[in-house]
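Good morning, everyone. Please have a look at the chain on the screen, and we will walk through it together.

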Amino acid sequence: MIISILNMKGGVGKTTTTLNLGYALAQQGYKTLLIDNDPQGNLTTGIGIEEYEQTVTDTYLNGILPIHQLSEKLHVIPADITLSTVYNELSNKVDANFRLFKSLKAVNKDYDYILIDNRPDAGILASNSILARSIHVFS
Ligand SMILES: Nc1ncnc2c1ncn2[C@@H]1O[C@H](COP(=O)(O)OP(=O)(O)O)[C@@H](O)[C@H]1O
Ligand SMILES: [Mg+2]
């Protein structure tokens, strides 16, 4: 199941919810993937990932899933400020709103839960996050 934690307001607990829900689900034995979909990268730093070469930016631009295995059950795809470039990079691509959907299709069956943390946004990042939740309808 893919859950997108999204709200148009900042500072309302999106990242805190994603992080704690993720930990709790993993602790209960559910295989869980957290995706940081915010260029601020608060989930990434909050969960303790300090070193990474690739981020969710590479997912959007190249279809790569740079998954960090924090534990057997808890995996994370980090984000950093480069994520803010995807608005320009994808603006003229027909599948701009389906990039996450396409990439996550390959791993959806490997996880009990995929949680996506978002920035307050009504652009490409938000639509990718919302549309990714429809994967189960097509697979
Ligand atoms: N349930 C809560 N009770 C009290 N403070 C909270 C709660 N959830 C989050 N916070 C605090 O609110 C601030 C914003 O939370 P955050 O999760 O970063 O929001 P967002 O991701 O929506 O911007 C942080 O300082 C966080 O520690
Ligand atoms: Mg946040």
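In which helix is the place of threonine 57? Threonine 57 sits in helix α3, which covers residues 56-62. One thing before we go on: this is a predicted model.

Is threonine 57 buried or exposed? Threonine 57 counts as buried, because its relative accessibility is 7%, and buried means under 20%. What does threonine 57 touch, if we leave aside its neighbours within four places in sequence? The list is Asp80, Thr82, Leu83, Thr85 and Val86.

Let's follow one of those names. Leu83 is in contact with threonine 57, so let me say where leucine 83 lies, and why it counts as buried. Leucine 83 is in a loop. That loop runs between β4 (74-77) and α4 (86-90). The relative accessible area of leucine 83 is 0%, so it is buried. Again we skip the neighbours within four places in sequence. Leucine 83 then contacts Asp36, Asn37, Asp38, Pro39, Val56, Thr57, Tyr60 and Leu125. Leucine 70 is 13 residues from leucine 83 along the chain. Their C-alpha atoms are separated by 22 Å.

Now the whole chain. How many helices and strands does the secondary structure come to? There are 7 helices and 5 strands. Read along the sequence, the pattern is β-α-β-α-α-β-β-α-α-β-α-α. The radius of gyration is 14 Å, close to the 14 Å that the globule rule gives for 139 residues, so the chain is as compact as a globular protein of that length. Picture a box along the principal axes. The C-alpha atoms fill roughly 40 × 35 × 30 Å.

What about the surface? The chain exposes about 7200 Å². Carbon and sulfur atoms supply 49% of that. As for burial, 46% of the 139 residues are buried. Then the contacts. Take those between residues at least 6 apart in sequence: 75% of them join residues at least 24 apart.

Isoleucine 5 is in strand β1, residues 2-5. Isoleucine 116 is 111 residues away from isoleucine 5 along the chain. Yet the C-alpha atoms of the two are separated by 6.0 Å. Isoleucine 5 counts as buried, because its relative accessibility is 13%. Beyond four places in sequence, isoleucine 5 is in contact with Lys14, Thr18, Leu115, Ile116, Asp117 and Asn118.

Keep Lys14 in mind, as we turn to the ligand. Which residues surround ligand 1? They are Gly10, Gly11, Val12, Gly13, Lys14, Thr15 and Thr16. This shell divides into 1 nonpolar, 5 polar and 1 charged.

Look at the backbone here. A polar backbone atom of glycine 11 is 2.8 Å from an oxygen atom of ligand 1. For valine 12, a backbone N or O atom lies 3.1 Å from a ligand 1 oxygen. For glycine 13, a polar backbone atom and a ligand 1 oxygen are 2.9 Å apart. How much of ligand 1 does the protein bury? Taken alone, ligand 1 exposes 560 Å², and the protein buries 41% of that.

Next, helix α6, residues 124-132. Why call this helix largely enclosed by the rest of the structure? Because 7 of its 9 residues are buried. Those buried residues are Ile124, Leu125, Ala126, Ser127, Asn128, Ser129 and Ala132.

Outside four places in sequence, isoleucine 130 is in contact with Ser4 and Leu6. Phenylalanine 101 is 29 residues from isoleucine 130 in sequence, and 9.1 Å away in space, C-alpha to C-alpha.

Last stop: histidine 136. Its place is in helix α7, residues 135-138. Is histidine 136 buried or exposed? Histidine 136 counts as exposed, because its relative accessibility is 58%, and exposed means over 50%. Asparagine 108 is 28 residues from histidine 136 in sequence. In space, C-alpha to C-alpha, they are 8.4 Å apart.

That's the tour. Thank you.

How values were computed
Residues numbered from 1 in each chain as written. Chains lettered and ligands numbered in written order. Predicted model: local features only at pLDDT ≥ 70, side-chain atom pairs only at ≥ 80, totals over all residues. Heavy atoms only, no water. Near = heavy atom within 4 Å. Polar contact = N/O pair within 3.5 Å; in protein donor to acceptor, adjacent residues only side chain to side chain. Areas by Shrake-Rupley, 256 points an atom, 1.4 Å probe, with all protein chains shown as cover. Nonpolar A, V, L, I, M, F, W, Y, C, P; charged D, E, K, R; others polar. Helix = DSSP H or I, 4+ residues; strand = E, 2+ residues; numbered from the N terminus. Buried < 20%, exposed > 50% of the residue type's maximum accessible area, 1.4 Å probe, protein only. Contact = heavy atoms within 4.5 Å. Rg over C-alpha atoms; globule rule 2.2 N^0.38 Å.
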